[in-house]
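My entries follow in the order I made them.

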Amino acid sequence: MSNLQALIFDVDGTLADTERDGHRVAFNRAFADAGLDWDWSIARYGELLSVTGGKERIQHYLTMDDPDFEPPGDRREWIAALHKAKTAHYTRLIQENVVPLRPGVKRLLQDARDAGLRLAIATTTTPANVTALLQTALAPDSLDWFEVIAAGDIVPAKKPAPDIYDYVLQAMQLDPQVCLAFEDSHAGLQSARQAALSTVITVNDYTQAQDFTGASLVIDHLGEPALPFEVLAGESNGTTFFDIPLAQFLQTLQHPPELSTT
Ligand code: XBP
Ligand code: MG
């Protein structure tokens, strides 16, 4: 019998495919505004996603791709200002509804609320980005659906470090054994698994070739009754879309110790 109590969601790539048409476009607009000739193509951005966090990604790109460029003034402050401009572009884009939620996300969140499960968010992205996405794509009141929204610089080390999931578990006073995490990336899986969370992966174009060893279930999306998911690894208990009984099934399985990264 399951004692599942909470579902914890990543945002970027998991709730919505925000990276290619949201974050990437916002970065490029901020670069253009700043007079930079940087332009992140869809393919190059896929490589840059291995660096989690927008400020960290800019820092990495500056070092690797434009090492001779000397930002004016303090480098950290310059990156922070550029990133702030990117966040403004991103929230505007999201408010224009350019990025919908992924299949099954809204249904699962509503079902979880109806079932009395507790909900939380654990993400690398900036808090304003989460607010814009939830209010626009989920529901105007949906910030209240989540007991904890842990985002961005609230912890010192971003994914793949476990800090953001540890923060959520601490804030909710929950053991990882009674929770299930939802992620889309290798870095996100490492983060959740190091926090001892059973983790479901919904892959996307940027992450489908990544290593998801240690995940409870790997699927192409959460699915709907009329839109079955494809199981890429793991056992879906005969279900074709992600529902609460499947969440409970996966939580009771837990993980054999040899798959644990803790
Ligand atoms: C998401 C990210 C984020 C966004 C940019 O990772 O890496 O950095 O791309 O967000 P995850 P900011 O889904 O694993 O949390 O620019 O606001 O940092
Ligand atoms: Mg993600």
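I began with where the lining of the largest pocket comes from: domain 1 (6-17 + 100-254) and domain 2 (19-95) each supply at least three of its residues. The domain bounds come from an automatic or database domain assignment. This is a predicted model, where local features need pLDDT of at least 70, side-chain atom pairs count only at pLDDT 80 or more, and totals for chains, interfaces and linings use all residues. Residues are numbered from 1 along each chain as its sequence is written, chains are lettered from A and ligands numbered from 1 in the order written, and side-chain values use heavy atoms, with hydrogens and water left out.

**Largest pocket**

I read its volume as about 520 Å³. A pocket here is an open set of points on a 1 Å grid over the protein atoms alone, where a 1.4 Å probe fits, with protein on both sides within 12 Å along at least five of seven lines; lining residues have an atom within 4 Å of a point. Grid points are joined across faces, edges and corners, and the volume is the space filled by probe spheres set on the points. Of the 37 lining residues, Glu19, Leu49, Thr52, Gly53 and Arg57 are closest to the centre.

Next I sorted the lining by class. I found five nonpolar, 19 polar and 13 charged residues. The nonpolar class is Ala, Val, Leu, Ile, Met, Phe, Trp, Tyr, Cys and Pro, the charged class is Asp, Glu, Lys and Arg, and the others, Gly among them, are polar. Which helix gives the most to this lining? H3 does, with four residues. At least two residues each come from H1, H2 (42-48), H3 (54-65), H4 (75-95), H6 (127-138) and H8. Helices (H or I, at least four residues) and strands (E, at least two) are DSSP runs, numbered from the N terminus.

**Second largest pocket**

This one has a volume of about 290 Å³. It has 16 lining residues, and Asp17, Thr18, Arg20, Asp21 and Asp205 lie nearest its centre. H1 contributes the largest share, three residues. By class I noted seven nonpolar, three polar and six charged. Why does the second largest pocket lie between domain 1 and domain 2? Both domains give residues to its lining, so it lies between them.

I then checked the two domains themselves. Their C-alpha centres lie 26 Å apart. In contact terms, 15 residues of domain 1 meet 19 residues of domain 2. Contact means heavy atoms within 4.5 Å.

**Magnesium ion (ligand 2)**

Which residues coordinate the magnesium ion? I found Asp10 (OD), Asp12 (O) and Asp184 (OD), at 2.1 to 2.2 Å. Donors are N, O and S atoms within 2.8 Å of the metal (3.2 Å for Na, K and Ca); water is not among the atoms, so sites may look incomplete. The donor spacing in sequence is D-x1-D-x171-D. Asp12 sits in the loop between S1 (6-9) and H1 (19-33), and Asp184 in the loop between S4 (179-183) and H8 (186-194), so the pair ties together parts 172 residues apart in sequence.

Are Asp12 and Asp184 buried or exposed? Asp12 is buried at 10% relative accessible area, and Asp184 is buried at 6%. Buried means under 20% relative accessible area, exposed over 50%, partly exposed in between (1.4 Å probe, protein chains only).

**H8 and S5**

I moved on to H8. Seven of its nine residues are buried, so H8 is largely enclosed by the rest of the structure. The buried residues of H8 pack against H7 (163-172), S4 and S5. Ala196 follows H8 and has a positive phi, near 70°.

In S5 (residues 198-202) I looked up Ile201. Ile201 is buried, at 0% relative accessibility. Its C-alpha is 4.7 Å from that of Val218, 17 residues away along the chain. Beyond four places in sequence, the contacts of Ile201 include Asp184, Leu189 and Phe212.

Thr202 is also in S5. Thr202 is buried at 4%.

**Gly223**

My last entry is in the loop between S6 (217-219) and S7 (231-234), where Gly223 lies. Gly223 is buried, at 0% relative accessible area. Not counting residues up to four places away, Gly223 touches Pro103, Gly104, Arg107, Phe229 and Phe241.
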